[in-house]
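Reader: I would like to go through this structure feature by feature. Please give the general idea each time, and then the case at hand.

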Amino acid sequence: MKLLRAGSVAVLGVVAAVAAWAAFAPLAVDSRDEPFVIPKGTWARRMAGNKVEILPPRIDLTLGLNDQLLLRNLDDVPQQFGPVLVMPGQSFRLPFERAATYSFDCTAHASGQMTIVVAEAPATAWERIRWRWDRLRKKTRA
């Protein structure tokens, strides 16, 4: 029984240490880009009647961390994103400097629309924990 209790205390200690790190360690990212790729053949598959979902209906970005949308057009045809025409083989980077919700026309999206929500950088310990948790979940889904 004492061994079980000691193991529980050790596990709680590790969990507390990880939570403290997640709450107070500075947030850092390898790149501020949030990349999305339009694969080759996307347009042809759509014209053949296939429902092709390559981009999410909503993209969440965070100021100062991942606040640059990067679209790579690997398709054979140009793709329209807002007022910009992204030619085949080109990339388009759109940095955001203000927290807000943005809507764009987007031919690469099945609905023809894309929403980008840019949030302020996490300021509190709980917000940093949640931001790290959301990023971890996103990476494990990919």
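This is a predicted model: local features need pLDDT of at least 70, side-chain atom pairs count only at pLDDT 80 or more; totals for chains, interfaces and linings use all residues.

Reader: With which residue does Asp60 form a salt bridge?

Author: The partner is Arg58, and the closest N and O atoms of the pair are 2.7 Å apart. Arg58 counts as partly exposed because its relative accessibility is 47%.

Reader: How many salt bridges does a search of the whole structure find?

Author: The search finds 5 salt bridges. One of them joins Asp33 and Arg93, with 2.7 Å between the closest N and O atoms. This pair links distant parts of the chain: Asp33 belongs to strand β1 (residues 33-38) and Arg93 to strand β6 (residues 91-95), 60 residues apart.

Reader: Why does Asp33 count as buried, and why does Arg93 count as partly exposed?

Author: The same cut-offs apply. Asp33 is at 16% relative accessibility and therefore counts as buried. Arg93 is at 42%, so Arg93 counts as partly exposed.

Reader: What separates Asp134 and Arg130 within helix α3?

Author: About one helical turn separates them, because they are 4 residues apart in helix α3 (residues 125-141). Salt bridges that share partners join Arg130, Asp134 and Arg137 into one network. In the bridge between Asp134 and Arg130, the N to O distance is 3.7 Å. With a relative accessible area of 58%, Arg130 is exposed, whereas Asp134, at 32%, counts as partly exposed.

Reader: How should I read the sheet that has the order β1-β3-β6?

Author: Strands of a sheet pair through backbone hydrogen bonds, and the pairing is either parallel or antiparallel. Here the sheet is open, has 3 strands and shows mixed pairing. Its edge strands, β1 and β6, each pair on one side only. Ignoring direction, neighbouring strands of this sheet are turned by 15° against each other on average.

Reader: How many bridges join β1 to β3, and do the two run parallel or antiparallel?

Author: β1 and β3 (residues 68-73) run parallel and are joined by 6 bridges. Across this pairing, Glu34 stands opposite Leu69 in β3.

Reader: Where does Ala110 lie, and which residues is it in contact with beyond its neighbours within four places in sequence?

Author: Ala110 lies in the loop between β7 (100-105) and β8 (113-119). Leaving those neighbours aside, Ala110 is in contact with Arg46, Val52 and Glu53. Arg46 is 64 residues from Ala110 in sequence, with 8.6 Å between the C-alpha atoms. Ala110 counts as partly exposed because its relative accessibility is 43%.

Reader: What is the order of the elements from the N terminus on?

Author: The protein has 3 helices and 8 strands, and they run α-β-α-β-β-β-β-β-β-β-α.

Reader: Which totals describe burial, contacts and surface in the protein?

Author: Of the 142 residues, 33% are buried. Among contacts between residues at least 6 apart in sequence, 60% join residues at least 24 apart. The protein exposes about 9300 Å², of which carbon and sulfur atoms supply 62%.

Definitions and conventions:
Residues are numbered from 1 along each chain as its sequence is written. Side-chain values use heavy atoms; hydrogens and water are left out. Buried means under 20% relative accessible area, exposed over 50%, partly exposed in between (1.4 Å probe, protein chains only). Contact means heavy atoms within 4.5 Å. A salt bridge is a side-chain nitrogen of Lys or Arg within 4 Å of a carboxyl oxygen of Asp or Glu. Accessible areas come from the Shrake-Rupley method with a 1.4 Å probe; for residues, only the protein chains shown count as cover. Two strands pair if DSSP finds at least two bridges between them. Axes are lines fitted to C-alpha atoms, for helices over the stretch in contact, and angles run from 0 to 180 degrees between N-to-C directions.
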